[in-house]
Amino acid sequence: MKILKFLSALSLSLFLFISCSNNDDEDFANNGTPGNLEIKFENGFNNLGGIVLNQTTQTSANGQTHQFSTLKYVISNITLIDENGGEFQYHYNDPDKGAFIVDQAQAKAGINYLELNEIPKNNYKKIKFGLGISQSAYLIGQDGQGEFWEKAKAAGMSWSWAAGYVFVKLEGKYGASSPTTEFMNHTGNMGNVSANNTPDLYREIILDLPTTARVNGSIVPSIHILADLNQYLSGQNALTLDTTNNMAMGSSQHLVKVSDNLAKMFKVDHVHND
């Protein structure tokens, strides 16, 4: 009789444990409440750590020193890719809601924070984004992106509307043994690139997440992205600044190579699920 009572109690305990576990799983699975997501951009040189404007000096692959006084770039068309390859596009080709300016001068403890909201609950394994503004977004016209256009103007990240946005703004000094000569490299499309027969400098980047970003109503993941600005002059194209390119603005061949280099500067350092 004691054995029967013990077995009955054990069976009841197991039933209650399994029922509670199943209910917890169902609650998590059925909780379709959208969540928020934070993306952190930290600019640095791979061997020197974070960049301090007007101070941190890097030596390029070609032996040229350089430092930045201005470091800004536009991020847009953020897309999250889930475990099954499905994509969630965050205000795609809508700069007013989905484009951001990363400005080293505005960084907090070296980090720029991008806050995204109303993200569908899911487990995300990859992130994709654009460096600059796509032609599809630009060709919507100025009225379709007036808010971001004004932000870009205020941040010095635009030319006239006919010329369009500045995608990346790098300014500072360079030199042989020490940085003494000023430079400005501003990348960007020259308006309608097809009509103007100019290169398209918009670049799309896709990165794997080392840890799944689990978005739901109670967890706000934070994706920490490092940008290695050593790629500027020492990336797939080893570049040297001189009087032919140190004041380059637009989409010259030098800036095409700069854009190709900078598209390789990003990597995800880690993901927090808090």
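A cavity is taken here as a set of grid points where a 1.4 Å probe fits but cannot get out. By that rule, this predicted model holds two cavities of 30 Å³ or more.

As for confidence, the average pLDDT over the protein is 91, and 89% of the residues score at least 70. The stretch to handle separately is residues 1–30, where pLDDT stays under 50. For that stretch the model has four contacts beyond four places in sequence.

On the strand side, S8 (residues 122–131) turns up in two pairings. With S4 (residues 65–82), S8 pairs in the antiparallel sense over six bridges, and here Thr79 stands opposite Lys128 of S8. With S11 (residues 203–215), the pairing of S8 is again antiparallel and runs over nine bridges. In this second pairing, Gly130 stands opposite Glu204 of S11.

Thr56 is found in the loop between strand S2 (49–50) and strand S3 (58–59). Its relative accessible area is 12%, so Thr56 counts as buried, the cut-off being under 20%. The side chain of Thr56 reaches the backbone nitrogen of Val52 at 2.8 Å. Leaving aside residues up to four places away in sequence, Thr56 also touches Phe45, Leu48, Gly50, Ile51, His66 and Gln67.

Ser178, for its part, lies in the loop between strand S9 (168–175) and strand S10 (181–187). Ser178 counts as partly exposed because its relative accessibility is 35%, and that label covers values between 20% and 50%. Along the chain, Ser178 and Gln64 are 114 residues apart, yet their C-alpha atoms are separated by 8.3 Å.

Finally, there is helix H7, which spans residues 253–262 and is mostly covered, with seven of its 10 residues buried. The buried set starts with His254, Leu255 and Val256, carries on with Val258 and Ser259, and ends with Asn261 and Leu262. In an α-helix, residues three or four places apart point the same way, because there are 3.6 residues a turn. Within H7, the buried positions include Leu255, Val258 and Leu262.

Terms used: Residues numbered from 1 in each chain as written. Predicted model: local features only at pLDDT ≥ 70, side-chain atom pairs only at ≥ 80, totals over all residues. Heavy atoms only, no water. Buried < 20%, exposed > 50% of the residue type's maximum accessible area, 1.4 Å probe, protein only. Helix = DSSP H or I, 4+ residues; strand = E, 2+ residues; numbered from the N terminus. Pairing = 2+ DSSP bridges. Polar contact = N/O pair within 3.5 Å; in protein donor to acceptor, adjacent residues only side chain to side chain. Contact = heavy atoms within 4.5 Å. pLDDT = per-residue confidence, 0-100. 1 Å grid on protein atoms, 1.4 Å probe; cavity = no way out; pocket = protein on both sides within 12 Å on 5 of 7 lines; lining within 4 Å. Points joined across faces, edges and corners; volume = space filled by probe spheres on them.
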